[in-house]
Amino acid sequence: MSNSQSALKIYYRRSSFLRVAYFLRIHILKFLTSVYFRALSLPLIRNNSILPTFTKVYPCRPTLTNRVFIPKSYKPDDALLPLFLDIHGGGFAIMTPSSDDKFCSEFANKNKVLVVSIDYPKSPAHPYPAGVQAVTDIVKAILEDETLPFDKTKVAIGGFSAGANLSLAVSQDNSLQKKIGGVVAYYPPTNWTTTIDHKLATKPKDSPPDILEGNGPAFDWAYLKPGTDLEDPQLSVAFAPRDRLPQKLCIIGCELDLLCGDSEAMAERLANIGTGQRVGTEHVWEQNGVRWEKVLGEEHGFDVTPAIGAKQVRVAERREKMHTDVARWLFKEVYI
């Protein structure tokens, strides 16, 4: 095998200059996001209506605090709830479970679902596969937790961006086979073997600049140790064998996101395994247990990126529809 071919299959060591540049970029992003979310948690700013019912730490991962959202309408003598395990995004390096409080609270209360927002150790201090291993441990602990009012036959996992990747990675673990009914992956990174140039080439020609074009290489440096196998299916989940994943998969991409092309290719590959006929439209379809949606005209993380004016209204409407459609799919395909 030639060196050029090998370079696409392993993560190689970056130059000293790039390592310093990536280190600075990652830690600046960590600082800025920390300040932003601390400001949002101040008493006069904090939205108490979206706070979790309680937080919980499991002995298997005592340094990680998870956030539990029980629907406000739930009563102790009600039937057990469906479970949705949420994993937040942030390039595997930044953010915390609290960044998903709005989604988790709304999803729990609107759909009467128990939601647990899972924490994981961040890079660069904890590179791959530390996050996958930690989330796997916590998921197993949650599924064995008899104090939580959920139905073990109605379990789904999902997340946003890096969290979407982790949801697809964790669900392949031997210990979780047949315990998770479905995955919801919002705009996941799925394939580290394709270059940035290749990813950019899959976007529409009139696309605006992509935030991941600049930050992506720094996130990769923080998450991947030199020599990492880029075809590892718990990293590049596009290589996951179909029989290692849950039967039901919902993958959502954003048209103006450089990650969208890889995600769509993954959805196409998995959907073509089987004899089922495709139903839907060009951009929203289902086939053989796979649901794919391309959100047209939107960028990576559009649903959580601050916006004003007409864009804010448009984003709010699309965000609401996206999550409503996901909930409808879950109750049709997974929570049955």
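Tutor: In this predicted model, axes are lines fitted to C-alpha atoms, for helices over the stretch in contact, and angles run from 0 to 180 degrees between N-to-C directions.

Student: At what angle do helix α2 and helix α7 pack, and how is that arrangement described?

Tutor: Helix α2 covers residues 16-40 and helix α7 covers residues 211-223; their axes are 9 Å apart and the packing angle is about 100°. Angles of 65 to 115 degrees count as roughly perpendicular. The two helices, α2 and α7, are therefore roughly perpendicular to each other.

Student: How are α3 and α9 oriented towards each other, and what is the hand of their crossing?

Tutor: The axes of α3 (residues 101-111) and α9 (residues 309-333) come within 11 Å and cross at roughly 50°. That angle makes α3 oblique to α9. The hand of the crossing between α3 and α9 is right-handed.

Student: How many charged residues does the contact of α3 with α9 have?

Tutor: On the α3 side, Lys102, Phe103, Glu106, Phe107, Lys110 and Asn111 take part. Their partners in α9 are Arg319, Glu320, His323, Val326, Ala327, Leu330 and Phe331. These residues divide into 6 nonpolar, 2 polar and, as the charged group, 5.

Student: Which elements are included in the cover over the buried residues of α3?

Tutor: The buried residues of α3 are Asp101, Phe103, Cys104, Ser105, Phe107 and Ala108. Helix α3 lies across β2, β3, β4, β5 and β6, running at about 30° to β2. The cover over the buried residues includes α9 together with β2, β3, β4, β5 and β6.

Student: Which strands stand at the edges of the open sheet?

Tutor: The sheet has 10 strands with mixed pairing, in the order β1-β2-β4-β3-β5-β6-β7-β10-β9-β8. Each edge strand has a single partner strand, so one of its sides is left without a neighbour in the sheet. The strands in that position are β1 (54-56) and β8 (279-280).

Terms used. Residues numbered from 1 in each chain as written. Predicted model: local features only at pLDDT ≥ 70, side-chain atom pairs only at ≥ 80, totals over all residues. Heavy atoms only, no water. Helix = DSSP H or I, 4+ residues; strand = E, 2+ residues; numbered from the N terminus. Parallel < 35°, antiparallel > 145°, perpendicular 65-115°, else oblique. Left-handed = near helix turned anticlockwise from the far one by under 90°. Contact = heavy atoms within 4.5 Å. Nonpolar A, V, L, I, M, F, W, Y, C, P; charged D, E, K, R; others polar. Pairing = 2+ DSSP bridges. Buried < 20%, exposed > 50% of the residue type's maximum accessible area, 1.4 Å probe, protein only.
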